[in-house]
Structure formats: structure tokens, C-alpha cells
Amino acid sequence: MKWLLIFALLFGAIDASNAAEESLGTKIKKILEPTPTPARKHRKSSAKKATPTPSPTALPKRKKASPTPSPSPTSKAKSKRKKASPTPTPSESPSETETPSPTPAERPTPSPPERAAPGKKAWPNVSLSPGELIDYDTYPSKVRQILDAGLALTKQNLGYTYGSADPKNGGMDCSGFIYYVLQQNGFPDVPRDSSQQYVWVRKAGEFNAVLSRKEDSFELDDLKPGDLLFWRGTYNIDRDPPITHTMIYLGREKRTNKRVMVGSSDGRTYDGKQRWGVSVFDFKLPPPPKSGDAKISPVFVGYGRIPGLAEE
């Protein structure tokens, strides 16, 4: 019995110590366990924070989305606009009306070319023999000499060459034709320019103005073969006097009884067909201007005797 009591006491003390140890252990565990739990929460939170890692994946999507409106189309549009912008320049180029205008300023002597109607066929130049003109044998000898020289040039297939007064150049302009023919036939003081040729005739008091538009006007009653004919408005140019074209009157053709003239032109007609160069042309009064600006419409101004030409 004593031994049983001793054993009981010993086991009780051991149990109590174990219980105390367990209680202390549990306390320690309880004390220690809260510390890792927040760590796990932190890990979970860190894991949750790590979840935004897909956000960088969204960024590349934005990068991929950004190229879709890629500036390349805009640049292409800009390039297209840039390419399209130069297209109106040809309308500035020139235009062609501006390119000939400086030439008279640079070379004031020759008369500017007439404007030929675009798209029309150029027909061969025309020449007439003296016998094809009515009453040619009754013309004064000096007049026949001048007209023979002019008709001889119509047989050389000469074109209209602006600025030329020499058939060796392959062509001549209107005032160049007058200048060459009169120079070769005893008129050394003839001016080179059509405007100054008009002044030359006016100063000599040998000019007849024509305001009428009718072929049978009394203003043409004094018109004689060998007279110089003058126009304005065949070319848009600022000059004073504004004479832009000149020719020599031949008389009337036997075949048609129409008035004809000789000279160099860039599109006047003979027998209803346009000719370019040194040729015989129909002399007819131009119709009234279609626009209010007479500078761009041919207007016949008048005619006059060659100064110093003696009548027999």
C-alpha cells in the first residue's frame, strides 16, 4: 500500500509537471503562432500584390494597340497631302501667257507673236504671182518692186520666228518681215518694231484711221497696194502706242476679188485656213471684241503710205 501511494504521488507529480509543461508549451505556441500568422497574411497580401503582375501584360497590349492607329497612315496621309500639294503648281507654272511677256521687254524691237487658235491644223503657206492680182501692171514701179520682194519670200517656206528679221533664220516675225523688205528696197530708216513703224508712218502724215468694222466702209477708199496695215490687241502687251501687228497690202486677188496682204503671221488665214509663217493672207476687218478688254482682241487700227515712197 505504501508503495502504491508513493507511485500514485509520483505519477500525479509527473502528470502535473506534464500538464504544466503542456500549458507552458501551448502558451509558448500561442505566443509564437501569432507571429507567423501575420507573415502568412503578408505573404498572401504580397501574393495579392504580386497579382498585378498581369498589369505589365496589359501594357504590351496597349503598346500593341498603339501601333494600330499607327502614325504611318497619318504620315502616309501627310505624304499624300504633300504629294497632292505640288499638283496645283503646274497651274502657277506658268503659265504660258507669262513666259512670252518678258521677252518683248528684253527684246523691245521685234513685235510679239500673234496667238494661233489651239488645236487647228497648220496649212501650207500661200504665194501668189503678180499676174494673180487685179491691175497689178498699173501699180507704181516702186510698189511693184516692194511687193515682188515680199512675194518672193512667200516661196521660201519660211516659218514664223519671233525676234527674227532675216530669212536665213528660217523664219521672221511680222515687223521683221516689213523691216527686211523695206531695208532691202531703199528704206534704211524703217524702224524694227511694229509700234515704231506705226509712229514712223504717223509722223510722215501718211496714216488713215479706220474705226468701222465693215469691209465696204468709206474709210478704206484710200487703201492702195503697198500700204502698211496696223493692228492692236493681237497680243497682250503694255506698250505705247499699243500696235502689235503689221503687214503689206497687196490689192485684190483676181480669183476671188478679195483683198489680200503679205507678211508673216502666227495663225492668220487665207481661204479660211490658218497659216503659220511668211505667206499671203486674206485682209479682212476683225469682228468686234467679245470681251470688254480690247487688249486681248484684234482690232484693225488703220493703214498708211510708206514714208518716202514716191508715187508715179
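This is a predicted model: local features need pLDDT of at least 70, side-chain atom pairs count only at pLDDT 80 or more; totals for chains, interfaces and linings use all residues.
Biologist: Why are α7 and α8 called oblique to each other?

Modeller: Helix α7 (residues 141-153) and helix α8 (residues 174-183) pack at an angle of about 130°. Angles of 65 to 115 degrees count as roughly perpendicular and those over 145 as roughly antiparallel; α7 and α8 are therefore oblique. Their axes are 9 Å apart, and the crossing is right-handed. On α7 the contact is made by I146, A149, G150 and L153, and on α8 by F177, Y180, V181 and L182.

Biologist: What makes the pair of F207 and F230 tilted?

Modeller: Planes under 30 degrees apart count as stacked and those over 60 as edge-to-face. The planes of F207 and F230 lie at 50°, so the pair is tilted. The ring centres are 6.4 Å apart, and pairing requires centres within 6.5 Å. F207 belongs to strand β3 and F230 to strand β4, 23 residues apart.

Biologist: Why is the pair of Y249 and F283 called edge-to-face?

Modeller: Here the planes stand at 70°, and the cut-off for edge-to-face is over 60 degrees; the pair is therefore edge-to-face. Y249 lies in strand β5, whereas F283 is in the loop between β7 and β8. Ring pairs also join Y249 and F283 with W231 and F300 in a cluster.

Biologist: How do you know whether Y249, F283 and V299 are buried or exposed?

Modeller: Buried means under 20% relative accessible area. Y249 has 4%, so Y249 is buried; F283 has 3%, so F283 is buried. V299, in strand β8, has 8% and is therefore also buried.

Key: Residues are numbered from 1 along each chain as its sequence is written. Side-chain values use heavy atoms; hydrogens and water are left out. Axes are lines fitted to C-alpha atoms, for helices over the stretch in contact, and angles run from 0 to 180 degrees between N-to-C directions. Helices (H or I, at least four residues) and strands (E, at least two) are DSSP runs, numbered from the N terminus. Angles under 35 degrees count as roughly parallel, over 145 as roughly antiparallel, 65 to 115 as roughly perpendicular and the rest as oblique. A crossing is left-handed if the near helix is turned anticlockwise from the far one by less than a right angle, and right-handed if clockwise. Contact means heavy atoms within 4.5 Å. Buried means under 20% relative accessible area, exposed over 50%, partly exposed in between (1.4 Å probe, protein chains only). Rings of Phe, Tyr and Trp (its six-membered ring) pair if their centres lie within 6.5 Å; planes under 30 degrees apart count as stacked, over 60 as edge-to-face and the rest as tilted.
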